Amino acid sequence: CYNPPSSYSNNDNSIHISVTASMTNPQPYSNSVSHLPIEEVAYTRILEGEIIIFSLFIGAILLQFIISKNWVKSIYWLFLATLLTQLLFTVALYIDYSHYNQYGYESNALLYFDNITSHFNSVTLLLTLFLVSLGWSTIRRFLTEKEWRMLSFTIAFYFIIGLGNAVCLDQDSTSCASLNLVTYILRTLVFLAIIVAMNFTVTQLKAMVIQSSWTPSIQIQYIQTRQYMFFRVAFIVYILAPTIIYLVQSSLFSWKESWVPIVLNDLILILMYFQMGVNFSPIHEDLVLGAFDGN
């Protein structure tokens, strides 16, 4: 928009001109305009779709809890908490983008909300992945005291450092940059620990299948081994996807398509959630494992 210039003069016959201008972009599939950069104009619509998808995921999980309530394990509740924090973070992003889209400036309060909800989602996701990789409540009911101490210390340290990074908005300052770097390193180390734990669990399951004598219930061990092998593939794709997408972005996409890598990363995350929800679902446990439990 453009406001006509206003001018005035003073006693020395000089003229002062004041002009106000703001740049907007056309809103897709609409007659309105947007304050977002042209490469991000469509992102609010994308976030609307993600909100619907995560809401459907949560509804499907709750429905499974009702249908197969006897097979609901503790890890399922943690997975539900992860989906809830993911939904909350997506809603926070949508509110932030909508605010900028309408008014043309960022709100520090919304930025804090974005960062904090993102960090809580990151913590619950890492905790869920770590516990699943250790086999907690899926193939064994308890972890050892050493495992609990290691897990508690790692997640608590990541939570504290990451929370400090979430509330530090001045990315040009040395302290904020340091917190961001430490948070990234800790997240990478947790990913490494998850891979090690997952490989150990898969090796244990394969050894149990090989060494066990044939009984009808041995099929449970086959099923659990297959579950973890699928889960391992999904997790490796999830952690490698950002690098692959970045390489594709630098060679194929221009700045106008900078929203595409964001959508692809979100899609990979959605697919991993879907794989975990289907692979370790209560209904799957009820239908498959219940046959060997007399239910």
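Guide: Angles under 35 degrees count as roughly parallel, those over 145 as roughly antiparallel, 65 to 115 as roughly perpendicular, and the rest as oblique. The model discussed here is predicted.

Visitor: Which residues make the contact of α3 with α7, and how do they divide by class?

Guide: α3 and α7 have a left-handed crossing. On the α3 side the contact is made by Asn121, Leu125, Thr128, Leu129 and Val132, and on the α7 side by Leu269, Met272, Tyr273 and Met276. By class these residues are 7 nonpolar, 2 polar and no charged.

Visitor: Are α1 and α2 roughly parallel or roughly antiparallel to each other?

Guide: The axes of α1 and α2 are 9 Å apart, and the helices pack at an angle of about 160 degrees. Angles over 145 degrees form one class, so α1 and α2 are roughly antiparallel.

Visitor: How do the residues of the contact of α1 with α2 divide?

Guide: The crossing of these two helices, α1 and α2, is left-handed. The residues in their contact are 20 nonpolar, 5 polar and 2 charged.

Visitor: Which residues are closest to the centre of the largest pocket?

Guide: The volume of the largest pocket is about 1,600 Å³. Its lining has 48 residues, and the closest to the centre are Phe89, Ser118, Ser122, Arg187 and Tyr238.

Visitor: Which element gives the most to the lining of the largest pocket?

Guide: The lining of the largest pocket divides into 26 nonpolar, 15 polar and 7 charged residues. The element that gives the most, with 8 residues, is α3.

Visitor: Which element gives the most to the lining of the second largest pocket?

Guide: The second largest pocket holds about 200 Å³ of space. Its lining includes Phe130, Arg140, Glu147, Ala193 and Gln204. Two or more residues come from each of α3, α4 and α5. The most, 6 residues, come from α5.

Visitor: How many residues in the lining of the second largest pocket are charged?

Guide: By class, this lining has 7 nonpolar and 2 polar residues. The charged residues in the lining of the second largest pocket number 2.

Visitor: How much space lies in the largest cavity?

Guide: Rolling a probe the size of a water molecule over the atoms shows where empty space is left. Across the whole structure, a search for cavities of 30 Å³ or more finds 1. The space in the largest cavity is about 100 Å³.

Visitor: Which element gives the most to the lining of the largest cavity?

Guide: Among the residues lining the largest cavity are Tyr76, Phe79, Thr128, Val132, Met276 and Pro282. The elements giving two or more residues to this lining are α2, α3 and α7. The largest contribution, 3 residues, is from α2.

Terms used. Residues are numbered from 1 along each chain as its sequence is written. This is a predicted model: local features need pLDDT of at least 70, side-chain atom pairs count only at pLDDT 80 or more; totals for chains, interfaces and linings use all residues. Side-chain values use heavy atoms; hydrogens and water are left out. On a 1 Å grid over the protein atoms alone, a cavity is a set of points where a 1.4 Å probe fits but cannot get out, and a pocket is an open set with protein on both sides within 12 Å along at least five of seven lines; lining residues have an atom within 4 Å of a point. Grid points are joined across faces, edges and corners, and a volume is the space filled by probe spheres set on the points. Helices (H or I, at least four residues) and strands (E, at least two) are DSSP runs, numbered from the N terminus. Ala, Val, Leu, Ile, Met, Phe, Trp, Tyr, Cys and Pro count as nonpolar, Asp, Glu, Lys and Arg as charged, and the others, Gly among them, as polar. A crossing is left-handed if the near helix is turned anticlockwise from the far one by less than a right angle, and right-handed if clockwise. Contact means heavy atoms within 4.5 Å. Axes are lines fitted to C-alpha atoms, for helices over the stretch in contact, and angles run from 0 to 180 degrees between N-to-C directions.
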